Every structure is written in C-alpha cells, then in structure tokens.
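The following note sets out some points for a colleague who has the model open. Please read each point alongside the coordinates.

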Amino acid sequence: MSTEKVLYTAKVHTTGGRDGKSRSSDGRLEVNLSTPGGPGKGTNPEQLFAAGWSACFEGAMARAAQQLKVALPADTAIDAEVDLNLADNGFFLRARLNVSLPGLEREVAQRVVEAAHQICPYSKATRSNIDVAINVV
C-alpha cells in the first residue's frame, strides 16, 4: 500500500486571462500577463511553464545524480523552450529542454537526464500528452 503526502500546494489567483494578472496567495509571485507576441509587457503562461519545468527538472537531475553517485557541475543549466501551436483540432504545446552539463561525459550526462525525466513531476505530467524532446547539449 502506498502512502501519499502533499508536500506543497501552490495557490494563485488569476484575473484577465492571457492579458491579466496572477498573484500567489503568499505574495511571492505577482506577474502581469500578456499574449505571446502581443503589445503587453507581461509574461505568458508558456514562459511560466518553461521556467517551472526547467527549475523542477534541474532539481530532479540533482536527485538522479545523487542516486547515480555523480556530481553535477556547478554551471549546470537548462534552456527550456515551450511552443504554443495551432492546428485544425485546436491549440497544443510542444517542448524542448536543452540541458547543459559541462564537464560530464556525454554518456553519464545522458543517464542523469534520462533518470531525471522519470523523477520530475512536470515530465510525468507531460508524458504522452505533449511532444517533448530532452537534449544534452
């Protein structure tokens, strides 16, 4: 029997949709939103998703590296790209995580990234739902 424990619940209030505002219940996040490519000066949901996923994925890589007994380089970085697409059947997302692990052998870096992709909650949420490419660069 498995036990489940809620570690954290993010609470965000949004008004105005893509051209609105979002604010977290603890006040740590307050952002203006704007449509991608539009005239607004705010961020957009795709940028927020890319930031959240890449931050979470880097944490998952740290856990994976620990399990594999590998030290992550101090200058580990992820460039996340999230595409908003439109096709005949509606809107959809596509994403790429380009992972930089300078100094790690490519094979070791690939093992860390593959293990992280199994650990990361964002990766689990997107698996089989959107096209995802995770590249070691």
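1. Phenylalanine 57 deserves attention at the outset. In this predicted model, leaving aside residues up to four places away in sequence, Phe57 touches Ile78, Leu97, Val99, Val113, Ala116, His117, Cys120, Ser123 and Ile134.

2. Phe57 also belongs to the largest nonpolar core, which has 23 residues. Together with Trp53, Met61, Val99 and Val113, Phe57 is among the residues that touch the most other members. At least two residues of this core come from each of α1 (45–67), β4 (77–87), β5 (90–100), α2 (106–119) and β6 (131–136). The helix α1 makes the largest contribution, with 7 residues.

3. In what order do the elements of the protein chain run from the N terminus on? The order is β-β-β-α-β-β-α-α-β, and the chain holds 3 helices and 6 strands.

4. Of its contacts with a separation of 6 or more, 47% are accounted for by residues 24 or more positions apart.

5. As to extent and surface, the C-alpha trace spans about 45 × 35 × 35 Å along its principal axes. The protein chain exposes about 9,300 Å², and carbon and sulfur atoms supply 51% of that area.

6. Finally, the charged side chains: the protein chain carries 15 positive and 15 negative ones. The centres of these two sets lie 7 Å apart.

Conventions: Residues are numbered from 1 along each chain as its sequence is written. This is a predicted model: local features need pLDDT of at least 70, side-chain atom pairs count only at pLDDT 80 or more; totals for chains, interfaces and linings use all residues. Side-chain values use heavy atoms; hydrogens and water are left out. Helices (H or I, at least four residues) and strands (E, at least two) are DSSP runs, numbered from the N terminus. Contact means heavy atoms within 4.5 Å. Accessible areas come from the Shrake-Rupley method with a 1.4 Å probe; for residues, only the protein chains shown count as cover. Lys and Arg count as positive and Asp and Glu as negative; His and the chain ends are not counted. The place of a charge is taken as NZ of Lys, CZ of Arg, CG of Asp or CD of Glu. A nonpolar core is a set of buried Ala, Val, Leu, Ile, Met, Phe, Trp, Tyr and Cys residues joined through side-chain atoms within 4.5 Å. Buried means under 20% relative accessible area, exposed over 50%, partly exposed in between (1.4 Å probe, protein chains only).
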